[in-house]
Amino acid sequence: MADIYLDNNATTACDLAVVDAMLPYFTEQFGNPSSIHRYADGVAKGIAKARRQIQALLGAQHDSEIIFTACGTESDNTAILSALKCYPNRKEIITTTVEHPAVLNLCKQLEKEDYTVHYLKVDGKGRLDMEEYRSLLTPNVAIVSVMWANNETGTLFPVVEMAELANAAGVQFHTDAVQAVGKVAMDLKATKIDMLSLSGHKLHAPKGIGVLYLKRGSRFRPLLRGGHQERGRRAGTENAASIVGLGVACEQAMQHMTYENTHVKALRDRLEAGILAAVPHAFVTGDPDNRLPNTANIAFEYVEGEAILMLLNKQGIAASSGSACTSGSLEPSHVMRAMDIPYTAAHGTIRFSLSRYNTTEEIDRVIAAVPPLIAQLRKLSPYWGENGPVADPEKAFAPVYA
């Protein structure tokens, strides 16, 4: 029986059309695009085409607003550090408590360098308090960095509105759109978003390629300095094969966006409904009315997420307990903690993230596999009794002295 892959928010399989487009750039199209001989010409044209394909998906005004990087993390870091360089007298940053580690860990480092970081809180569904946001927009802020969609719950943030408010306050606005690109329609030329990050391996392109969108006219300082590549905004010989692959992936994403928001969404809803109908004490986290079409984050109370994943893996089902970049931690996900999910549930959250390659048959196999697996684990849980959760878990663990 074939394995089932439901961890697409961690990474996606490369589309075969992407691979086919890349292959010539490892063999006959191997020239350095900065050279002036004929070996460079085809490579330079391939990169230029990819830039236009990405521009089209993002709805950018100019193809020169696309800067190629190595990954989403580099794009995020470049955006934030650029703003701090451009506005050296501004020592404040606004972000959220539920960002990806690519933003959060940089902010923690910047706090050690005497910057003040304001972390916007979220409510129980992962939604931001816009009044709190408005109150923090002052002339002391160098940049706002807020993700377009949360990688664990799929909850969408109102980044277009937030960018308008930041622009009115004279503050640069950056969004980490790694999870949203290809799933959410974008028209950046109609927004006040100054910078946007994306990563190729989240939309069926290879790993090792990212993009930083930089709106024309926005102030900018490069992170990497060296050659004149990317108009001097990101030095280093271009990763031509991956850039070409990303261009094709973006073109494919445009073609499949309706499918993502109808068929893939229907599969996600089928998965959630099937599991919740069969498993008591389980619930979906995040904002059910405003989230990515492919993401289902389900909390199973009184069991450990790592144990669930191991048993799923034995049945050939790949999922995740949160961000792949934070795996290995014994603590519940920072996103679950920010939403105030009780520890008895936060430890048992599983993220199922679908793609256009998943089928109804696969989803039905997962729906059948999960309930007995959770029941098996709850038999081992000290928080679970004969007929359900124990009434007083603390008492169950109280020491008894002779």
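**Pairing and packing**

Modeller: In this predicted model, N297 stands opposite R351 of strand β12.

Biologist: How do you know that β10 and β12 pair?

Modeller: Strand β10 (residues 295-300) and β12 are joined by five bridges, in the antiparallel sense. Two strands count as paired if at least two bridges are found between them, so β10 and β12 qualify.

Biologist: What makes β9 and β12 edge strands?

Modeller: The open sheet has three strands in the order β9-β10-β12, with antiparallel pairing. Both β9 (282-284) and β12 (349-353) pair on one side only, and are therefore the edges. From one strand to the next, the twist averages 25°.

Biologist: Which helix packs on this sheet, and which strands does the helix touch?

Modeller: Helix α8 (residues 305-314) does, touching β10 and β12. The direction of α8 makes about 45° with that of β12.

Biologist: Turning to two other helices, why is the crossing of α3 and α4 called right-handed?

Modeller: Helix α3 (residues 72-86) and helix α4 (residues 101-112) pack at an angle of about 35°, their axes lying 9 Å apart. A crossing is right-handed if the near helix is turned clockwise from the far one by less than a right angle; α3 passes α4 in this way, so the name applies.

Biologist: Which residues make the contact between α3 and α4?

Modeller: Helix α3 contributes T73, D76, N77, I80, L81 and L84, while α4 contributes A102, V103, L106 and L110. These residues divide into seven nonpolar, two polar and one charged. D76 is the charged one, because Asp counts as charged.

Technical notes
Residues are numbered from 1 along each chain as its sequence is written. This is a predicted model: local features need pLDDT of at least 70, side-chain atom pairs count only at pLDDT 80 or more; totals for chains, interfaces and linings use all residues. Side-chain values use heavy atoms; hydrogens and water are left out. Axes are lines fitted to C-alpha atoms, for helices over the stretch in contact, and angles run from 0 to 180 degrees between N-to-C directions. Helices (H or I, at least four residues) and strands (E, at least two) are DSSP runs, numbered from the N terminus. Contact means heavy atoms within 4.5 Å.
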